[in-house]
Amino acid sequence: MAFTGFGEAAVDFYEGLEADNSKAYWSDHKHLYEEHVREPMRALLADLEPEFGAGRIFRPHRDVRFAADKSPYKVQCGATAGPHYLQVSADGIMVAVGYYRMVPAQVARFRAAVDDERHGPQLAAIVDGLAGDGFTIAGDRLKTRPRGIDPEHPRIDLLRHRSLFAWCSWPPSEELHTAEPAERVATTWRRLDPLGRWLDDHVGVDLDDGAEQARRRR
């Protein structure tokens, strides 16, 4: 099935879930999630697959075992295609590329590459270019400099990062219910790809630590 847009009830479904994040609400409205959110997301990922690879939709249930917030359901539908992330929610569509979470070994490789005069300036140029184009540069960051790093280091802001990704979003509009988001997502992912490639080349997945590399905002 070709992607023709998210359903008319997609935003209303998530607004309701934000107001009543309960099993009762989910059970009563699950059909809206399946028809207006999940199935369109599957169609969108299928349309993007030839260029970006097979997609995967995250499950709607939250893992609350160690969370202070015991709300059982996610208030967005998130999906990945390789290093690319996409989500739809009551706030509209958000897309991102990067490493949302890094284990210590990955952080060490990241900082070594940022400090390197061959590779660090390349990342700085990528990040500056994305910021100049209106993307938000985000990630977990130290409030101070890492231990042993010169406070005058030219890339001190990047060295504070313990994760790094770039994202942008579009608020809900009638476009959400048309085929237009497919090309808009693809165009945005292409623009973000240099950041994903740099991280893949210089950080990568750390299998020895059993890490699952999460390249998403949530």
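Reply: The lining of the largest cavity splits into 6 nonpolar, 2 polar and 2 charged residues. Here Ala, Val, Leu, Ile, Met, Phe, Trp, Tyr, Cys and Pro count as nonpolar, Asp, Glu, Lys and Arg as charged, and the others, Gly among them, as polar. This is a predicted model: local features need pLDDT of at least 70, side-chain atom pairs count only at pLDDT 80 or more, and totals for chains, interfaces and linings use all residues. Numbering runs from 1 along each chain as its sequence is written, and side-chain values use heavy atoms, without hydrogens and water.

The lining residues are Gly92, Ile93, Trp170, Pro171, Pro172, Ser173, Glu175, Leu176, Pro181 and Arg184. A cavity is a set of points, on a 1 Å grid over the protein atoms alone, where a 1.4 Å probe fits but cannot get out; lining residues have an atom within 4 Å of a point. The structure holds 1 cavity of 30 Å³ or more. The largest cavity has about 60 Å³ of space. That volume is the space filled by probe spheres set on the points, which are joined across faces, edges and corners.

Two or more lining residues come from each of β4 (92-99) and α6 (180-202). Helices (H or I, at least four residues) and strands (E, at least two) are DSSP runs, numbered from the N terminus.

Now the sheet. β4 belongs to an open, antiparallel sheet of 6 strands, ordered β1-β2-β3-β4-β6-β5. Strands pair if DSSP finds at least two bridges between them. β1 (55-57) and β5 (136-138) are at the edges with a single partner strand each, so one side of each lacks a neighbour in the sheet. β5 pairs with β6 (residues 164-170) over 3 antiparallel bridges. Thr136 has Trp167 in β6 as its bridge partner.

Notes: On a 1 Å grid over the protein atoms alone, a cavity is a set of points where a 1.4 Å probe fits but cannot get out, and a pocket is an open set with protein on both sides within 12 Å along at least five of seven lines; lining residues have an atom within 4 Å of a point.
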